[in-house]
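Please read the following briefing alongside the sequence and the coordinates.

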Amino acid sequence: MVNNKKVQRQQRDPATSIELTINLHKRLHGITFKRRAGRAVREVKKFASKTMGTEDVRVTNELNQFLWSKGVRNVPYRVRVRLDRKRDADEEDSRDYTVVDVVKVDTFKGLTSKRIDATA
């Protein structure tokens with residue numbers, strides 16, 4: 001028997017920031033060499049969309065340069081990113097979008113995901 005109750009979605013905080021590490025190595029396994037850097041950008045966007053719950057994802061120039069820094073074939077294995085969900089003021093329906101920016105770290109050892117307070 002099918003339950004006809006509507007599923008209530010949790011209201012997301014409109015302005016939220018999360019800092020986390022994306023393992024690109026497992027997402028690019030088996031991808032042709034000449035397509036790896038472009039696929040890495042798409043995988044970062046897909047991950048950000050799923051994590052933040054927005055369809056509109058914008059990658060900063062610094063993150064794009066970091067992903068392409070070793071060429072099209074040799075994409076970095078991991079990338080530390082900050083995901084910022086923001087509200088689009090120009091749209092009348094005020095849709096949210098996500099800005100993805102790179103965070104420079106010396107090593108990825110011992111890092112965990114953390115939510116960043118908007119007031120800080």
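Buried is used here for a relative accessible area under 20% and exposed for one over 50%, with partly exposed in between (1.4 Å probe, protein chains only). The model is a predicted one, in which local features need pLDDT of at least 70 and side-chain atom pairs count only at pLDDT 80 or more, while totals for chains, interfaces and linings use all residues. Residues are numbered from 1 along each chain as its sequence is written, and side-chain values use heavy atoms, with hydrogens and water left out. Helices (H or I, at least four residues) and strands (E, at least two) are DSSP runs numbered from the N terminus.

**The sheet**

- Five strands, listed in the order β2-β4-β3-β1-β5, form an open sheet of 5 strands with mixed pairing, where two strands count as paired if DSSP finds at least two bridges between them.
- The edges are held by β2 and β5 (114-116), each of which has a single partner strand, so one side of each is left without a neighbour in the sheet.
- On average, neighbouring strands of this sheet are turned by 30° against each other, direction ignored; axes are lines fitted to C-alpha atoms, for helices over the stretch in contact, and angles run from 0 to 180 degrees between N-to-C directions.
- The pairing of β1 with β5 is antiparallel and extends over 3 bridges, and within it lysine 114 of β5 is the bridge partner of glutamate 19.
- Helix α2 packs on the sheet, where it touches β1, β2, β3 and β4, and its direction makes about 135° with that of β1.

**Helix α2**

- The 17 residues of α2 should span 24 Å at 1.5 Å a residue, and the end C-alpha atoms are 24 Å apart, which agrees; the expected span is 1.5 Å times one less than the number of residues.
- Arg36, Ala37, Ala40, Val41, Glu43, Val44, Ala48 and Met52 are the buried residues of α2.
- They lie on the same side of α2, because they cover an arc of only 165° around the axis, the arc being that of the directions from the helix axis to the C-beta atoms.
- The other side of α2 carries the exposed residues Arg42, Lys46 and Lys50.
- The packing partners of the buried residues of α2 are β1 (16-23), α1, β2, α3 (61-67), β3 and β4 (96-102), with contact meaning heavy atoms within 4.5 Å.

**Threonine 54**

- Threonine 54 belongs to the loop between α2 (36-52) and β2 (56-59), and because its relative accessible area is 4%, threonine 54 is buried.
- The side chain of threonine 54 is joined to that of threonine 98 by a polar contact of 2.5 Å (a pair of N or O atoms within 3.5 Å; within protein, one must be able to donate a hydrogen and the other to accept it, and residues adjacent in sequence count only if both atoms are side-chain atoms).

**Arginine 80**

- Arginine 80, in strand β3 (residues 78-87), counts as buried at 2% relative accessibility.
- The arginine 80 side chain makes a polar contact of 2.8 Å with the side chain of threonine 21, and also reaches the backbone oxygen of threonine 112 at 2.8 Å.

**Leucine 24**

- Leucine 24 is placed in helix α1 (residues 24-27) and is buried, with a relative accessible area of 0%.
- Not counting residues up to four places away in sequence, leucine 24 touches several residues, including Ala40, Val44 and Leu67.
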